[in-house]
Amino acid sequence: MQEFPKHTAEIFEVLSKGKFICSNSSKDLDRKLFNVLEDEDHFELLVSYFENINFILEKGNGYFYFSRNETKVNLERKIEIAFKWIDILDFFKTYDHSFGSGFRFNIADITVRLNTDVDLKSKLTSLKRITKKANHTEAVSKLVDYLLKDNFLELQDEITNTFKVLSSFEYLEELIMSLHIPEDIANEIPE
């Protein structure tokens with residue numbers, strides 16, 4: 001019988017909170033847990049183990065996460081959350097098309113850009129229902145907080161307030177790219 005990796009409890013603790021384990025995290029523990037999961041034998045063993053407690057261990061490009069079979073009510077809630085993420089991702093992709101895994105930025109650069117980029121400013125204004133902030137710096141900070149909370153970013157340098165996009169961000173990109181809205185229905189969706 002194969003033994004479970006010694007970090008099984010830590011992996012469960014991170015993933016069961018809805019977090020990701022990313023390959024490009026600057027945290028030693030996250031990279032260690034990622035390497036454990038990268039081992040194909042460990043991965044297969046843990047997939048079977050977690051499946052018994054109704055967690056589905058999923059592997060993305062440079063990240064791992066848990067998913068679960070959802071009831072219809074939870075699916076509707078998740079669709080509402082997905083709409084929020086679409087708008088947030090659109091805002092950051094408008095800031096810089098290369099915004100993705102490994103990208104580094106700080107809030108000050110985005111707020112400076114908001115003073116000259118009408119499209120970016122318009123997208124931030126449309127996010128007011130999420131940010132509930134009038135000030136650009138506070139609004140962008142609120143969006144960054146969402147990304148930090150859900151483990152799509154990490155603060156890389158506290159002095160320069162520089163953030164790094166984690167590989168888990170690809171999860172959002174893939175989620176949005178997998179959506180297919182027929183053109184006749186897309187015209188009926190209010191902006």
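Colleague: In which sense do β2 and β3 pair, and over how many bridges?

Modeller: Strands of a sheet pair through backbone hydrogen bonds, either parallel or antiparallel. In this predicted model, β2 and β3 pair in the antiparallel sense, over 4 bridges.

Colleague: What do β2 and β3 form, and how many residues lie between them?

Modeller: The two strands form a hairpin, with 3 residues between them. Look at Gly62 in the turn, which has a positive phi of about 90°.

Colleague: Where is the open sheet of 3 strands, and what is its order?

Modeller: Its order is β4-β6-β5, and the pairing is antiparallel. β4 (104–106) and β5 (153–157) are the edge strands; each has a single partner strand, so one side of each has no neighbour in the sheet. From one strand to the next, the twist averages 40°.

Colleague: How many bridges join β4 to β6?

Modeller: There are 3 bridges between these antiparallel strands. Asn106 is a place to look: Thr162 in β6 stands opposite this residue.

Colleague: Now the cores. Which residues touch the most other members of the largest nonpolar core?

Modeller: This core has 34 residues, and Phe91, Phe92, Phe105 and Leu147 touch the most other members. Two or more residues come from each of β3, α4 (72–95), α5 (107–114), α6 (118–126), α8 (136–149), β6 (162–165) and α9 (169–177). Phe92 shows how such a residue is placed: leaving aside neighbours within four places in sequence, its contacts are Phe99, Phe105, Ile110, Leu143, Val144 and Leu147.

Colleague: What does the second, separate core include?

Modeller: That core has 15 residues, including Phe43, Phe55, Leu57 and Phe66.

Colleague: Which residues of helix α1 are buried?

Modeller: In α1 (residues 8–15), the buried residues are Thr8, Ile11, Val14 and Leu15. Seen down the helix axis, they fall within an arc of 130°, so they line one face of α1. Their cover includes β1 (21–22), α2 (28–38), α3 (40–51), β2 (56–59) and β3 (63–67).

Colleague: Is Asn24 buried or exposed?

Modeller: A residue is called buried when its relative accessible area is under 20%. Asn24 has 17%, so it is buried. Asn24 sits in the loop between β1 and α2.

Colleague: Which residues is Asn24 in contact with, beyond its neighbours within four places in sequence?

Modeller: The contacts of Asn24 are Ser101, Gly102, Glu154, Lys164, Val165, Leu166 and Ser167. With Ser167 there is a polar detail: the Asn24 side chain reaches the backbone nitrogen of Ser167 at 2.8 Å.

Colleague: How many helices and strands does the protein have?

Modeller: There are 10 helices and 6 strands. The C-alpha trace spans about 60 × 45 × 25 Å along its principal axes. Of the 191 residues, 39% count as buried. Among contacts between residues at least 6 apart in sequence, 58% join residues at least 24 apart.

Terms used
Residues are numbered from 1 along each chain as its sequence is written. This is a predicted model: local features need pLDDT of at least 70, side-chain atom pairs count only at pLDDT 80 or more; totals for chains, interfaces and linings use all residues. Side-chain values use heavy atoms; hydrogens and water are left out. Buried means under 20% relative accessible area, exposed over 50%, partly exposed in between (1.4 Å probe, protein chains only). The arc is that of the directions from the helix axis to the C-beta atoms. Contact means heavy atoms within 4.5 Å. A nonpolar core is a set of buried Ala, Val, Leu, Ile, Met, Phe, Trp, Tyr and Cys residues joined through side-chain atoms within 4.5 Å. Two strands pair if DSSP finds at least two bridges between them. Axes are lines fitted to C-alpha atoms, for helices over the stretch in contact, and angles run from 0 to 180 degrees between N-to-C directions. A polar contact is a pair of N or O atoms within 3.5 Å; within protein, one must be able to donate a hydrogen and the other to accept it, and residues adjacent in sequence count only if both atoms are side-chain atoms.
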